[in-house]
Every structure is written in C-alpha cells, then in structure tokens.
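Please read them with the structure open.

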Amino acid sequence: MGQDSLWFMFDGALLLLREDDAGKRVLPRGEVPPLATNYLVQRVGEYRGVPCMAMALSASPLCKKAPGSGLAGAAAYTGLDLHYRAYELLGEELYSLATRARELAYWDVNSQFCPACGNRNLPDSAISKKCPACGKELFPPVSVAILVVVSRKNSLAPGGDEILLGRAHRAAGIFHSLLAGFLEAGETLEACVRREVLEETSLVVNNIRYFGSQPWPHPSNLMAGFFADYVSGEIKIQESELLSADFFRRDGLPPDLPHEFSLSRRLINWWVSGEALPYGNNNC
Ligand SMILES: [Zn+2]
C-alpha cells in the first residue's frame, strides 16, 4: 500500500478543500491525486510526517461563483483564497505549506513554454525546468516588495514618536497600513525603501533597519519589512497610490489595521511595543 499525501490543489488562485464527516473544511488526503490534471504534481514538504503535494488544475478559476465546478469531480470541493480567512482555517503550519504550494502551482502554469525560444519546457530538477531546445533553465521567480514603518520624533506622544500610516488603493479593501512597494531591477532594498517613501509621501527617511520577511502568494511575492526614521519633508501623497497618509500616536491608532497574521501588522505591533529590533540595528 502506498503512503497518503495531503493535496494542495489550485483552481486558479483558489485552494480546493472538501468537507470532512463533521462538516469541517479540510485538505483532501489520499495516495493518488484526488482530481485529474495536466499540470505537474510537485512535492511541497511534510505536515506531521505526511507528504504534501501541490498541483494546479487550471490556469485561472473556471467558475468564480462555484470554484472548480467546471472540473470533472470537483463538485465536492469549495475554493479558498489564501488571505487571512485561510490562515485562520488552516493554522500557521498548513498555511505556510499552502503558500509554497500556491507559488509552485502558479509557476508551473506560467512556465509551460520557454520564454526565449517558445519550446515546451521539461521538468529538470525538483525546483526547476529546462528548455530541451535552447537549454534555458527556469526557477520559480519571486517578486520582492518592501514594507516600512516610518517613525517621527514627537516628544509629546507616548513613547516619544509617531508612525506613518497610509490608505492605499487595494483590491482587498481600503484600510490603514504601512507604505509598501516593489523592488526595481538593480535596486537595493534600502534604496527601494527611500524611493517608495519619497514617491508616495514626499518624505525623506534614513536609518533603515531590517525587521523580517513573509512570503505573500498573490501570486509570488516576498514582503521584506523595515523600520526607518523620518528626516524631513511635508506629507504630499502620490494620488495614484494613496488615498491618504498621516502620522499617528500610539494612543490614537486607527481601528482599521491589517490582519494580525500579516507582516505589516507585526511591524506595527512591534513599533507599538517599543521593543528593540530583533535583528540588531544595522544602520545604513
Ligand atoms: Zn528555449
């Protein structure tokens, strides 16, 4: 008898779950893929000794209202977007595996053909493909984005400083969060922090310190979190990016902050706690 695996199957961006006997939404488990696919079955890792496998079923959701309904045998499943509800449902360990699974499934769908010569790619190693015609190797790409706590001295505020929060145009809803932006080609992370803050708010910052990172599978990003100090300037928002931006005191934070599992909220919480940074203070 073979070994059971947990199956992370994606209909577009949606992770398919089934209901167990108690009506709880769970990952399907079994020796073989629960549904048929033309895409790769990729090993993601292990969960409590059980192998975890990722596979795409389709390039984009076949039916947004009833995910998976266009797939043979998929009626028993419901789709789950990998946002905070998925984190609450799956828990930290399975959510982390689901993140990796989503990125690998997305990469497989989007690397079927060689970008240099157009031939069909073949799997090469466990984490790469290769074009048999021109030899080009492909690995899952990751786009890096920065998040930054900009703090400004204010001797009257609790803790002696205040934090810059903005409301961005977001598909997921409008709420107060940290400034964020994508790393450009050839740019350092520190230069990216300076540029994004300057572009979005016209403020100058320095003393940029690394905090931590978080994979963000929408579809294949890595968020890198930083702290920085305000130096100069008056807030003038970039209207194509932000609806508003302002400095807030610890005792006057807006209620609509990012979900607890997000790196941006961890950064905000760390600032609120007033603790020293976990990785030292690498001034740059
Ligand atoms: Zn090629």
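1. Glu-196 sits in helix 2, which spans residues 189-201. The residue is buried, because its relative accessible area of 7% falls under the 20% cut-off. Note that this is a predicted model, so the values here and below are computed from predicted coordinates.

2. Domain layout. The assignment divides the protein into domain 1 (5-110), domain 2 (113-141) and domain 3 (143-273). About 520 Å² is buried between domain 1 and domain 2, and carbon and sulfur atoms account for 70% of it.

3. Zinc site. Which residues coordinate the zinc ion? The ligands are Cys-114, Cys-117, Cys-131 and Cys-134, each through SG, at 2.3 to 2.4 Å. Along the chain these donors follow the spacing C-x2-C-x13-C-x2-C. Cys-117 and Cys-131 link distant parts of the chain and are 14 residues apart. Cys-117 belongs to the loop between helix 1 (84-109) and strand 8 (122-125), while Cys-131 belongs to the loop between strand 9 (128-130) and strand 10 (137-138).

4. Why is the arrangement called tetrahedral? The four donor atoms subtend angles of 98 to 120 degrees, and the assignment needs all angles to lie between 85 and 135 degrees. For reference, the ideal angle for four tetrahedral donors is 109.5 degrees.

5. Largest nonpolar core. This core has 24 residues, of which Leu-6, Phe-8, Leu-15 and Leu-94 touch the most other members. Two or more residues come from each of strand 1 (5-11), strand 2 (14-19), strand 5 (41-47), strand 6 (50-58) and helix 1. Helix 1 gives the largest share, nine residues. Beyond its neighbours within four places in sequence, Phe-8 is in contact with Leu-15, Leu-27, Cys-52, Met-53, Ala-54, Met-55, Leu-94, Leu-97, Ala-98 and Ala-101.

6. Second core. A separate core of 18 residues is also present; among its members are Val-193, Val-197, Val-205 and Ala-245.

7. Backbone points to check. Most residues other than glycine have a negative phi, and most peptide bonds are trans. The following places depart from that pattern and could be inspected one by one.

   - The peptide bond joining His-218 and Pro-219 is cis, with omega about 5 degrees. Pro-219 lies in the loop between strand 15 (204-216) and strand 16 (221-232).
   - Ser-202 is not a glycine, yet has a positive phi of about 70 degrees. Ser-202 is in the loop between helix 2 and strand 15, and is partly exposed, with a relative accessible area of 30%.
   - Asn-207, also a residue other than glycine, has a positive phi near 50 degrees. Asn-207 is found in strand 15. Is Asn-207 buried or exposed? Asn-207 counts as buried, because its relative accessibility of 18% is under 20%.

Methods:
Residues numbered from 1 in each chain as written. Predicted model: local features only at pLDDT ≥ 70, side-chain atom pairs only at ≥ 80, totals over all residues. Heavy atoms only, no water. Donors = N, O, S within 2.8 Å, 3.2 Å for Na, K, Ca; no water. Tetrahedral: all angles 85-135°; square planar, octahedral: opposite > 155°, others 65-115°. Helix = DSSP H or I, 4+ residues; strand = E, 2+ residues; numbered from the N terminus. Core = buried A, V, L, I, M, F, W, Y, C linked by side-chain atoms within 4.5 Å. Buried < 20%, exposed > 50% of the residue type's maximum accessible area, 1.4 Å probe, protein only. Contact = heavy atoms within 4.5 Å. Domains from an automatic or database assignment. Buried area = accessible area lost by both parts, 1.4 Å probe.
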